[in-house]
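Student: Could you take me on a close look at the inside of this protein? I'd like one connected explanation that I can follow on the screen.

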Amino acid sequence: MHGELVLIVEDEDKIAAILVEYLQAAGCRAHRLANGMDVLLWLKVNTPDLILLDRMLPGSDGLVLCREIRQHSAVPIIMITARIEEADRLAGFEQGVDDYICKPFSPKEVVARTTALLRRAQGAIKSAGDIRLVLDRDSYRAMANGHEVVLTAVEFELLSALMASPGRIFSRDEIMDRVYRDFRVVNDRTIDSHIKKLRRKLVQLHLAEDPVRSMYGLGYKFEL
Ligand code: CA
């Protein structure tokens, strides 16, 4: 893995510490929250690549939380649960859980399932539509049809945030939250200006249409 950010929502310190250790050893960045009440707020300013979500949490129920997260995010979610009944698992899939891990678990299994799901999610982003638009985080390049362009860090984060949920309209505020993780103060025009430059660069990829669309009065979305 290359520094993918995994959010661990787990109230038991020992389990959380083991998960953090194993995920970091696998090359991920890990952030841990102990209380379910903190999750939605944290997600307003952070964009994890995957969430490991404990089912039984103080402050909220993992399943309810999952449904709330799904209202505004397609981030892969693995639910960690002591309950293994089928009915429970099915309820979870309906709420948008992508995979399950039952306690007690082997940390290696967690890492294996996490990396498998991350790979699947990244594949889905890369193959949006028929055209393969690929982002390489290590070099901040966007590639398609044998062409490539180098993006600035901001342009890369912008495109990556939009691509994570194809078709979803992002307001300028949401884009700012996702792109400027360091709370830098920027205004709407800054976002517009970065989008403009990004689009100018994407033309070089010879895509059939401009994948970054302005939605008048609403914001932007990615569609290929
Ligand atoms: Ca728990």
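**A look inside**

Tutor: Of the 224 residues in the protein, 42% are buried. Here buried stands for under 20% relative accessible area, exposed for over 50%, and partly exposed for anything in between, using a 1.4 Å probe and protein chains only. Before we go further, please keep in mind that this is a predicted model, where local features need pLDDT of at least 70, side-chain atom pairs count only at pLDDT 80 or more, and totals for chains, interfaces and linings use all residues. Residues are numbered from 1 along each chain as its sequence is written, and side-chain values use heavy atoms, with hydrogens and water left out.

Now to the inside itself. In soluble globular proteins, nonpolar side chains tend to be buried together. A nonpolar core is a set of buried Ala, Val, Leu, Ile, Met, Phe, Trp, Tyr and Cys residues joined through side-chain atoms within 4.5 Å. The largest one in this model has 26 residues, and Ala142, Leu159, Leu162, Ile175, Leu205 and Val212 have the most contacts inside it. At least two residues of this core come from each of β7 (141–144), α6 (153–164), α7 (172–179), α8 (188–202) and β10 (219–222). Helix α6 gives the largest share, 6 residues.

Leaving out residues up to four places away in sequence, Val212 touches Leu159, Leu162, Ile195, Leu198, Arg199, Leu202, Tyr220 and Lys221, where contact means heavy atoms within 4.5 Å. Another core, of 19 residues, lies apart from the largest one and includes Ile69, Val75, Met79 and Val97.

Rings of Phe, Tyr and Trp (its six-membered ring) pair if their centres lie within 6.5 Å; planes under 30 degrees apart count as stacked, over 60 as edge-to-face and the rest as tilted. The count by this rule is 1 aromatic pair. Tyr140 and Phe156 make up this stacked pair, with 4.8 Å from centre to centre and 25° between the planes. Tyr140 sits in the loop between β6 (134–136) and β7, and Phe156 in helix α6, so the pair ties together parts that are 16 residues apart in sequence. Phe156 counts as buried because its relative accessibility is 2%, whereas Tyr140, at 26%, is partly exposed.

Tyr140 has a backbone feature to look at too. Most residues other than glycine have a negative phi, and most peptide bonds are trans. Tyr140, though not a glycine, has a positive phi near 55°. Elsewhere, a cis peptide bond with omega about -5° joins Lys103 and Pro104. Pro104 belongs to the loop between β5 (99–102) and α5 (107–126).

Conventions: Helices (H or I, at least four residues) and strands (E, at least two) are DSSP runs, numbered from the N terminus.
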